[in-house]
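Dear colleague,

I am passing the structure on to you with this email, and my notes on a few places in it follow below.

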Amino acid sequence: MGAVRTAVIGVGQTKHTAARHDVTMAGLVREAVLEALEDAGLDFADIDAVVVGKAPDTFEGVVMPELALADALGAVGKPLLRVHTAGSVGGSTAIVAAKHVMAGVADRVLVVAFEKQSESNATWGLTIPMPFTPPLVAGAGGYFAPLIRAYIRRSGAPSHIGHLVAVKDRLNALRNPKAHLHLPDITLEQVAESLLLWEPLRYLDTCPSSDGAMALVLASERAARSAPGPAAWVHGTAMRSEPTMFARRDQVNPQAGRDCAAAVYRQAGIGDPRRDLDCAEVYVPFSWYEPMWLENLGFCAPGEGWRLTEAGVTGFDGEIPWNPSGGVLSSNPIGASGLIRFGEAAQQVRGRAGGYQVPIRRGRALGHAYGGGSQFFAMWVVGAEPPA
Amino acid sequence: MRRVGIVSFAQLTSPRERRRNEVELVIPVVQEAVRASGIPKAEIGFTCSGSCDYLAGGPFSFVAGLDAVGAWPPIPESHVEADAAWALYEAWLVIRSGEADSALVYGFGKPSLGDVDEILGLQADPYTVAPLWPSATDLAAMAASAAIAAGVVDERQMAEAAAAARRAGLANPHAVVGEDVTAEELLARPVTRPPLRDADVAPVTDGSAAVVLAAEDLARRVCDRPVWITGIAHRIDTPSPGARDLTDVASARSAAAAAGVGDAPVDVAELSARHSHEVVLLRRALGVGSGTVVNPSGGALVADPVMSTGLIRIGEAAAAVRAGDAGRAVAHAASGPALQQNLVCVLEAD
Amino acid sequence: MTATSEGPAPEAPLVEHHVLEYPGGYTRSLGPALSAFFTGLRDGRLVGARTADGRVVVPPAEHDPRTAAPLGEWVEVGPAGTVTAWTWVANPKPGKHHLSGPFGFALVRPDGADTALVGVVDAGVPEVMSVGMRVAPRWARVRTGTIHDLEAWVPLADGAAPAPAPPNEAPEVGEEPVTRIVCPIRLEYEINAGIAPSRYLRGLAQRRIIGQRARDSDHVYVPPRGSDPMTGAPTEIEVEVGQTGTVTTFCITNIAGLSELAPPIPYVTAQVLLDGAATPWFGLVTGCDPTEVRMGMRVRAVWSEQAAPDARTLVGFEPTGEPDAPYEHWKDYA
């Protein structure tokens, strides 16, 4: 890792919801930022640099909206950098912020990611038809559902596996007051009977569309030592990308995801993620992506992911809880969703996850995000103790 | 912390390149920069690009750009929604942090597809300014009028900056304008966007650029005269133009101080001034005096390949140092309405 | 440090008009400061915010530009003001600029404010404009809580008093604050397909499917984008691929309205590996009941009546009736 050890010392987020009609974009990000600053015991004046992430600007119809947010972010007179790596952007944003500290150019960096999807509409924003480009006539779900079908074919997974994840993550969300969806009565039957959208995906197998923001304060070791609360230490960070399409591309179990996980585990000294981590916050926008990413992230052999899900290994009280916060299936402000994963992993090792706190025995958690056509990956491992 | 050097640079800016799509714009500069770096592509440790979705008219325009890189096996890679000078900043951080020993940085944009002046106007406040549809040039022209009224810039200085750029453009194969012209001749031309004349406004063009960075040891191995980034910093001002002092560029001033521009004389400065009055304001904000050759390439006023313009300033300044034309050079990149955000980079040879 | 450039292409690329517009416009919720501002405009008043150090900023910032502190004290400013910066728009854009004749853009500092706001000045000719000129609002007669309620700033003679806002003639204007504005953003483009895709699209017009490969590779990409994505090498060699292929994976869509081009639900979209291509083509499968579509099913191209260089000329694929391709033949592609 870098010469300067880096930690998360503040975390804040909005209550995620379908539409925040009461705030501007600035007001939305401020809620998350102020909570993170208070958690870190800091004021805007203490921040050396600001890094902002969000998904495409067409969602809100503002070109590079971070420019207009400079006042609200307390960035005036400071460096402000905007990251955009599709769905993985929230994770990439945290990593880029961490590099500021690791490179020795900042002691305290404010990281913010947001989406105010209610300014337009996510389906429109993700599938704007472009001349000469074969139209994505079936929307974003129509892109991923065939990959899920390919996974089922490969693995022989029974059809109810996705529904198990859909229920598990929504029940987890009941422990998290900031989650968008609170569906206390959700059952397997309800998921199985919900509207079939993109076979095999049903309505309740898919993520919501949310307004929301997430903010972290990252700090150098020196700055972290004087923070009032516990720190989540960064043990490893990695980003990997591969092209959307190329010969014999494995779209179901992409090499970029496997390489990214291997890199972050190597840095963090993790041999077996299932044994060496306490929990994982993983970008699962469609229920079936839990078993798919269990395999991609090396929690089991290829073809075995669904068995872990079916056996409850990833459940809240399971051997390795996945998405105890409720995950993307319960809150999805797209550009912020990756940073929420990274921040929730940090909250777990800080012991700050409240009602969805899992036992911290091994002292480490994984944050994960992906985007594009399953081609951009960002991951970090955070720990309760500084890295050796 | 270890030093980071620029080991190669390539650019592509020409109106006839309009036939290329984004991927086709990126391919030649990436191939050329990687080849010239002497570092095998498979060994380049990090890749970062800068672009703008709105130029392309749809989301995720950077995704296709990756096809030009050859990202297989998968690569550590990131993207900024900004001029690629900010991508270079991110890559510089990654090398400084020790995570990579080298990095490929590229930028691209096709402003010919739409009305880039209108599009960049949508960087302004989305509630009270953008609904009036001022263009980026309208906002810059207003700033020019304020600077002129305050007496910190005059039309002759602007014409001199524009004329110098156009004369330099004659010798720059990547310039889209070049003209043997004097300030007097420009002053005789009509004011089209008060107080600006056409020659005061940068000609936007499709284009791309790529730079390869390397950590000190590697840079010395592959390059006979690496150019070191001895300072780099960026800062942002308030987005509200009416709350800013438009007669100064505070964020450029503080970025220059943070980058150490004033620590030693500057031989060459390449400025992303898209309007001639900005040359004058930026010279002052950066503390670049009469001993400095400003924009020997002609700068943005002879070619503005949007999203690459700032990276090209860094490349041109590095080229001047590498060629021995400058011992110490400064490069500048800008983003946002009327120079809201500024990046300053100091480049030196051994 | 070398430059890169290449010779001219023999063929002009295809260009198509493109409109980027969220239907109905973006809906912007306002929060307290901007709600006070837009409510003020509706009511014919200019509202700013007082900062902790006593300055008045307009439009009212939610957060102090100097300290980032939240602001909450709204004060009326103006209505007359002073131009601190200006330019001139000789050719207004219909549908964007709301004044139909030439006008000025200006920063106007309302009396009593310490900052200026961006506005339009209806001055007739640019010779009237100057930094320091006095202006007053001309209010719209019908005001509904938009930026155009202040229709324009107009020159104000020295010593003259600004005219008050006329009574609001908007029907059903209540006392409720304005909490939301709608911002239509319509951007028009002439999208250029690029060299490689233009070759592919022109092939479609002849009912041929033309891919490309790089010199050192036998991977044929359809549609080609200009490079081999695995290496970044230009794909300079054209290869016509077969019009038959294999469905590697698919989904049945049961949700209507996802695209103007979508057929009635349920419909099938699939990845189709064309015979001779290295990557799957993504699109519709027609010509059979959706429940009959299988992974491994052999399909052939379905062409539209139009013979245009357009992605939609290749409508999709339909079953050939051949036996399914064995899993081993295509499993690496799904």
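Which residues does Ser325(A) touch, not counting residues up to four places away in sequence? With contact taken as heavy atoms within 4.5 Å, they are Asn172(A), Ala173(A), Asn176(A), Ala179(A), Glu281(A), Arg341(A), Glu344(A) and Tyr356(A).

Please bear in mind that this is a predicted model, in which local features need pLDDT of at least 70 and side-chain atom pairs count only at pLDDT 80 or more, while totals for chains, interfaces and linings use all residues. Residues are numbered from 1 along each chain as its sequence is written, chains are lettered from A and ligands numbered from 1 in the order in which they are written, and side-chain values use heavy atoms, with hydrogens and water left out.

Ser325(A) lies in the loop between helix H11 (305-310) and H12 of chain A, helices being DSSP runs of H or I with at least four residues and strands runs of E with at least two, numbered from the N terminus. At 2% relative accessibility Ser325(A) counts as buried, a term for under 20% relative accessible area with a 1.4 Å probe and protein chains only. Its side chain makes a polar contact of 3.0 Å with that of Glu281(A) and another of 3.2 Å with that of Arg341(A); such a contact is a pair of N or O atoms within 3.5 Å, where within protein one must be able to donate a hydrogen and the other to accept it, and residues adjacent in sequence count only if both atoms are side-chain atoms.

Cys260(A), in helix H8 (residues 255-268) of chain A, is likewise buried, at 0% relative accessibility.

With regards

How values were computed. Buried means under 20% relative accessible area, exposed over 50%, partly exposed in between (1.4 Å probe, protein chains only).
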